Amino acid sequence: MEENTMIEVDIAHDEMDIVCERPDTLLDARMHYCPGCGHGVAHRVIMEVVAEMGIQDQTIGVAPVGCSVFAYHYMNIDMQEAAHGRACAVATGIKRVRPDKFVFTYQGDGDLAAIGTGETVHAINRGENMLIVFINNAIYGMTGGQMAPTTLIGQKSTTSPYGREVGFNGHPLKITDMIAPLPGAFYVTRTAVNTPANVRKTKKAIQKAFEYQKLNRGTCFVEVVSNCPTNWGMPPQKSNEWLSENMLPMYPLGDLKTPSKEELENA
Amino acid sequence: MGELRLMKGNEALAEAAIRAGIDAYFGYPITPQSEVLEYLTREGYNRTQTVILQAESEIASINMVYGAAGAGARVMTSSSSPGISLMMEGISYIAGAELPCLLVNVNRGGPGLGTIQPSQGDYFQSTKGGGHGDYRMIVLAPSTVQEMADFVLEGFEIAEKYRNPTLILADGALGQMMEKVELREQLDRKAREIPGWATTGKTKDRDHNIITSLFIQPEEMEQVNIRLQKKYKEIEQNETRVQTIQVEDADIVLVAYGLSARISRKAMEICREKGMKVGLIRPITLWPYPSAAVAEAAEHAKGFLAVELNAGQMVEDVRLAVNGKCPVEHYGRMGGIIMSPEEIVEKIEDLAKRVNQ
Ligand code: SF4
């Protein structure tokens with residue numbers, strides 16, 4: 001049999017029922033992410049929420065430095081590219097002068113929890129009324145797989161080739177647990193994008209966070225545990241399993257802080 | 001005539017910022033310019049509902065400026081030398097993303113933690129690009145409290161015209177000294193139009209707006225650089241500012257800016273009284289540098305003396321402009337020490353003796 005055989009199906013598109021569509025908050029662009037990477041899923045989930053809430057014209061995003069540096073090539077909303085680690089400061093600047101807009105940052109573990117720790121903690125401590133989406137895949141993707149602040153003990157990377165060693169490299173930084181007790185944090189949760197059920201939960205969390213931004217009560221923080229098949233050195237399917245087995249015991253899913261009934265009623 | 005007040009340089013600058021209708025100020029305390037943040041915090045929100053925020057660091061301040069400028073606000077920050085060093089990355093990004101904003105450096109002595117006394121040691125950093133890449137900042141150098149106030153609105157107007165950061169480079173003495181200042185009327189900040197490129201939310205009638213300095217394809221990056229250089233040329237042509245005093249017949253031309261221009265002027269007057277032909281060129285923009293004025297004076301002058309509160313920085317630009325036509329020398333004090341007019345007179349007399357031989 002010849003390779004690349006195409007079967008021609010003769011059905012006009014307009015006769016088909018549309019069951020799933022690209023929201024107009026996502027551009028029709030080919031993503032540069034590796035096959036099976038969680039970034040594409042996370043982008044889609046956020047943009048679906050923006051589309052469903054009808055707030056495309058009121059939303060301003062901040063892209064990080066890292067694999068998702070080009071998030072603005074895919075998200076069809078006004079966006080700013082921040083310097084490495086400075087997304088929370090940039091977002092503060094935007095939100096303070098445009099308080100009626102929805103503002104969010106999209107940051108990886110190196111950006112948010114290493115070089116940008118100061119900006120992250122202080123933005124949340126001021127209770128900046130914005131959403132921080134924190135993609136944690138325990139590695140530096142863009143620069144080629146170096147150790148991240150969230151890299152697991154024993155996990156190999158190009159800068160921990162024999163596995164992360166506590167005595168030498170310190171512990172994985174659970175920054176979400178660190179910031180949750182800050183009074184400025186209004187809603188803090190941890191989700192994942194490794195299974196369809198977890199993706200749905202991630203979308204719910206993002207939705208809640210955008211809704212809460214209307215209340216003007218503080219920072220919402222959604223950690224999304226994600227994968228990096230390329231730099232973890234495994235096929236996508238396997239990486240999702242590895243995530244469940246290794247990442248989730250260290251970074252357990254669920255809410256770390258939710259607004260109380262009174263807080264929501266008094267808002 | 002505007003309202004007259006006796007004010008400190010830092011406070012005059014802060015007052016002028018409110019009256020220029022700034023939307024936001026982000027800053028971090030550092031001597032000798034903390035009065036700017038203090039004054040604005042006291043007055044800014046109450047009078048014009050301006051956002052005034054004390055950030056956790058200068059790094060955060062400059063990135064807040066980036067965000068607010070990208071959202072179309074008239075925004076500024078101020079600091080002093082070590083704090084400005086921390087901002088350099090952000091300034092490069094702001095220049096790369098072509099965002100208008102106003103920065104203020106009330107220069108103190110360095111290097112390192114240095115001293116809190118006045119200095120002009122940040123000339124190189126300000127004019128040659130302390131951050132990475134081929135960018136330029138418009139640099140205004142006030143030499144009076146009046147100019148500390150006037151250069152705020154002027155700085156914003158140039159910044160907004162060219163979508164480029166403007167820096168006011170003052171020094172600790174100008175920030176702290178009190179002088180009479182005439183203040184302009186209050187501008188209505190809400191009347192300012194938000195520029196079309198700003199990130200304010202993508203509406204149906206336009207593509208999404210992106211603020212970025214990232215152009216990963218080298219061909220594209222080169223084109224961006226070519227466009228930036230064209231813009232810088234235009235700024236050089238249109239925005240160079242200089243004051244010349246009795247240069248027409250001068251044998252010895254002093255070149256000095258800011259605080260050292262005030263002292264040099266006094267030295268010039270002493271020399272004139274003694275019958276010596278001495279003139280003064282005071283660059284008001286340090287970038288673009290008034291090279292033409294220096295070159296013109298070099299047609300008839302016998303010698304140049306650059307007077308600076310540093311080890312010899314601007315003197316390089318004087319030499320480039322004089323282009324070997326006559327000797328160019330430097331006189332400076334460092335580390336927060338200010339020279340007296342008499343010290344400069346001595347140097348002028350010494351230089352005059354040698355060039356007249
Ligand atoms: S390197 Fe890793 S994080 Fe980056 S795109 Fe590839 S899989 Fe995703």
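A polar contact is a pair of N or O atoms within 3.5 Å; within protein, one atom must be able to donate a hydrogen and the other to accept it, and residues adjacent in sequence count only if both atoms are side-chain atoms. By this rule, 17 residue pairs (both at pLDDT 80 or more) are in polar contact across the interface of chain A and chain B.

This is a predicted model, in which local features need pLDDT of at least 70 and side-chain atom pairs count only at pLDDT 80 or more, while totals for chains, interfaces and linings use all residues. Residues are numbered from 1 along each chain as its sequence is written, chains are lettered from A and ligands numbered from 1 in the order in which they are written, and side-chain values use heavy atoms, with hydrogens and water left out.

The pLDDT is the predictor's confidence in each residue, from 0 to 100. For chain B the average is 97, and 100% of the residues score at least 70. The complex has an ipTM of 0.96 and a pTM of 0.96 from the predictor.

**The interface**

Contact means heavy atoms within 4.5 Å. Chain A gives 35 residues to the contact and chain B gives 34 residues. The size of an interface is often given as the accessible area lost when the parts come together. This buried area (1.4 Å probe, summed over both parts) is about 2,700 Å² for chain A and chain B, with 59% of it on carbon and sulfur atoms. D78(A), Q80(A) and R98(A) supply 21% of the area that chain A buries against chain B, more than any other three residues.

Two bridges join β2(A) to strand β9 (residues 210-211) of chain B, and these strands run parallel. Strands pair if DSSP finds at least two bridges between them; strands (E, at least two residues) and helices (H or I, at least four) are DSSP runs, numbered from the N terminus. I210(B) is the bridge partner of M79(A) in β9(B).

**Salt bridges**

A salt bridge is a side-chain nitrogen of Lys or Arg within 4 Å of a carboxyl oxygen of Asp or Glu. Two examples follow.

| Salt bridge | Closest N to O distance |
|---|---|
| K203(A) and E52(A) | 2.7 Å |

K203(A) lies in helix α8 (residues 196-213) of chain A and E52(A) in helix α1 (residues 38-53) of chain A, so this pair ties together parts that are 151 residues apart in sequence.

Definitions and conventions:
Buried area = accessible area lost by both parts, 1.4 Å probe.
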